[in-house]
Amino acid sequence: MDLTWSDSEAAFRAECRAWLEANVPASPLPSGDTADGFALHLEWERKLFDARWAVVSWPAAYGGRDATLWEWLIFEEEYYRVGAPQRVTQNGIFLLAPTIFEFGTQEQQDHYLPRMASAEDLWCQGWSEPNAGSDLANVRSKAVRDDAAGGWRLTGQKTWTTRGAFCTHLFGLFRTDPDSERHKGLTYFLVPLDADGVTVRGFGRLDGDEGFAEVFLEDAFVPDANVLGGVDEGWGVAMATTGSERGLTLRSPGRFTAAAARLVDLYRRHGHGAAPSSREAVVQAWMDAEAYQLYTLQDVTRIVDGEAVGARSSLNKLWWSELDVRLHEAALGLLGPRGELIDASPGSVDAGSWMKGFEFALAGPIYAGTNEIQRNVVAERVLGLPRAKGGR
Amino acid sequence: MRFAFSDQQLEFAAAVRDLLASCCTPAHVRECWDNETGHSPERWRQLADMGVVGMTVPEAHGGLGMNELDWVLVLEETGRAALPEPIVETVAVGAPMLAEFGPTELADRWLPAIAAGDVIVAVQHQGKPYLAAAGYADLLLLASGNEMHAVPRADVRLVEEQTSVDGARRLFGVDWHRTPGTLIAGGEGGYRTINASFDRGALGAAAQLIGLADRMLEMTVAYAKEREQFGAPIGSFQAVKHHLADALLAVEFARPVVYRAAFSLATGGADRSRDVSMAKAYASDAASAVSKVALQCHGAIGYTVEYDLHLFMKRAWALASSWGDAAWHRERVAMAVLGPVPGALPVEPDPDPLGETLA
């Protein structure tokens, strides 16, 4: 066991830090989940790409630096430490890209990955439907074969699609075998949102941003080249993506250790007269972020050794999503009556970012598979408990 | 960066697990509830023969010269088996204290005998006023103010025998007098001895709590797969599944925190006391939470003394509050990370924080 960084890793950290400190916008950008904020975030993404910091762990040919998993963790830690903008490209680079690396043809990799890294193509996720949320296998959207045109015609409705109104492409599951049920007969499609027959409508989220969208498809045509993995094999491909979403690629520990450091700073500024229970909540949140960091270092060591994380990624998701809620609750506890003040309200603290962060954190136990589903996955696939009779 | 144990460390822990699976079964633990001392001399001998008892004794004194990273998994195994003997006191605390801080005469006198399995150690510190295993220990490590002493049991009077909820734990107060010949360290060195030993004891208890929690979870998962109600295994019901998933979450996130604390102690890291406190807080909380889930999912059978679960639960309760409980350790982390309560009047640094807080 050696929990120290090597000289080359320390040098990589210094290089990240120097560039980020010189380039991160001086004042925070407006939320990337609004139309104006999204445009500003795109400028930032392109700046990251030009300096080759957009996708550090990818091959150089696709715009990366061939960074190791350890270096990626270091980059993420530095990224959040300086308070750099949210990654509006995250659903592409962190969720779809690992799946394209695993299942994509050479042509698909060469076509999609560079355009994703440079934020030319902007990807949103098309999993959920009005009747397929936690029960993802209940997908009804269908793809009908069009042999003459050499592709598929998609019909159906996707919803709760984050930043769907601002993106250019959607990845999602469609039923290609009309006689199939549940997780059989599904196919993973890559869908340009400007295709004929696709309509996107944005709508507001609980936190006030219009970051959600619903996507309607009516006989929208996509060519065969837009199938990722095999026809009728989409479930297995999609599970690889959800593994990334639950696990470490979407939520690196740096995000939470940085938030915990900000909470400690808030405590120093606003902890006067705080109740002992508030102090305890603050230190517990700090410890929980630290524990996530340690758990991740252990997991990454396993991955480097060639072990698969598999269903254990559900443990990750439970931890980071619930720690994020507790961390923001601890902050609001320190703010007392000022906790409810948001935006530029004269009495607000840190521009109301703690309430905004709390609202965002509350989505964590819901998206990427609700935490109830994650607990079922842990119980059945990690602990080996029997499935319920008759499904759930 | 590499957060994993060496093959040698894993193999040693696995060998200890195998040994304890045969000599420290729940039936054996029950024998220690019922016998006069709470101790099995044969088992101690077996552990000594394997090298476990002397693992932290320096090689020059006949031991294996191992450190915290080497023993943390072994201590976890002793927790998994609910081993009644004072392995934390002897291996994690006692031998390193004598080797690191004691004068040569004391080290020469006691360390080879510890490694040989002939001397068992009991430890007293400010957070733990009663000595476990003092009834059969040969050597007592006793604190007095800023001094630490190594006193043969024959030279003290055991008083006030206490009754623990864990029937295998026999606790005593001790009546003794300091003599120059028993002094391990005093003054500044005494504080360092006391603090370093406290951290090692807290880590040892944390490692045992991880093992206990893991064992209780394993028992409960096995039971939930087998026990049927309403025509189905109770483990197929979501309410039970979610309890058990939460229990696993608590254990699996406490584990790396405990292992990191072992690394910090073994390498003399600047934040080692903070890291140990995190470890003890998580391990105490995890074992307490798992014990409640285990009992709840077992239902009434778990509430009987015939069933083994209570042997592990009671040890977990005892250890969770021994060597500083979760709340005490959280506050020690808070002092390290947050500093004092903002706006509080500045206070002089406390030369004996453990004594003040825990006494």
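One convention before you click: an angle over 145 degrees between helix directions, read N to C, counts as roughly antiparallel. Keep in mind, too, that this is a predicted model.

Start in chain B. Select residues 238-266, which form helix α8, together with residues 272-298, helix α9. How far apart are their axes, and at what angle do the two helices pack? The axes sit 8 Å apart, and the angle is about 160°. That is over the 145-degree cut-off, so α8(B) and α9(B) are roughly antiparallel. Turn the view to look through one helix at the other, and you'll find α8(B) passing α9(B) in a left-handed crossing. Now colour the contact between α8(B) and α9(B) by residue type: 19 of its residues are nonpolar, three are polar and four are charged.

Next, stay on α8 of chain B and pick L248(B). Is L248(B) buried or exposed? Its relative accessibility is 7%, so it counts as buried. Show what surrounds L248(B): beyond the neighbours within four places in sequence, its contacts are L217(B) plus L315(A), V378(A), V382(A) and L383(A) from chain A.

Chain A holds eleven helices and eight strands, and its C-alpha atoms fill a box of roughly 70 × 45 × 45 Å along the principal axes. Of its 392 residues, 54% are buried.

Note on methods. Residues are numbered from 1 along each chain as its sequence is written. Chains are lettered from A and ligands numbered from 1 in the order in which they are written. This is a predicted model: local features need pLDDT of at least 70, side-chain atom pairs count only at pLDDT 80 or more; totals for chains, interfaces and linings use all residues. Side-chain values use heavy atoms; hydrogens and water are left out. Axes are lines fitted to C-alpha atoms, for helices over the stretch in contact, and angles run from 0 to 180 degrees between N-to-C directions. Helices (H or I, at least four residues) and strands (E, at least two) are DSSP runs, numbered from the N terminus. Angles under 35 degrees count as roughly parallel, over 145 as roughly antiparallel, 65 to 115 as roughly perpendicular and the rest as oblique. A crossing is left-handed if the near helix is turned anticlockwise from the far one by less than a right angle, and right-handed if clockwise. Ala, Val, Leu, Ile, Met, Phe, Trp, Tyr, Cys and Pro count as nonpolar, Asp, Glu, Lys and Arg as charged, and the others, Gly among them, as polar. Buried means under 20% relative accessible area, exposed over 50%, partly exposed in between (1.4 Å probe, protein chains only). Contact means heavy atoms within 4.5 Å.
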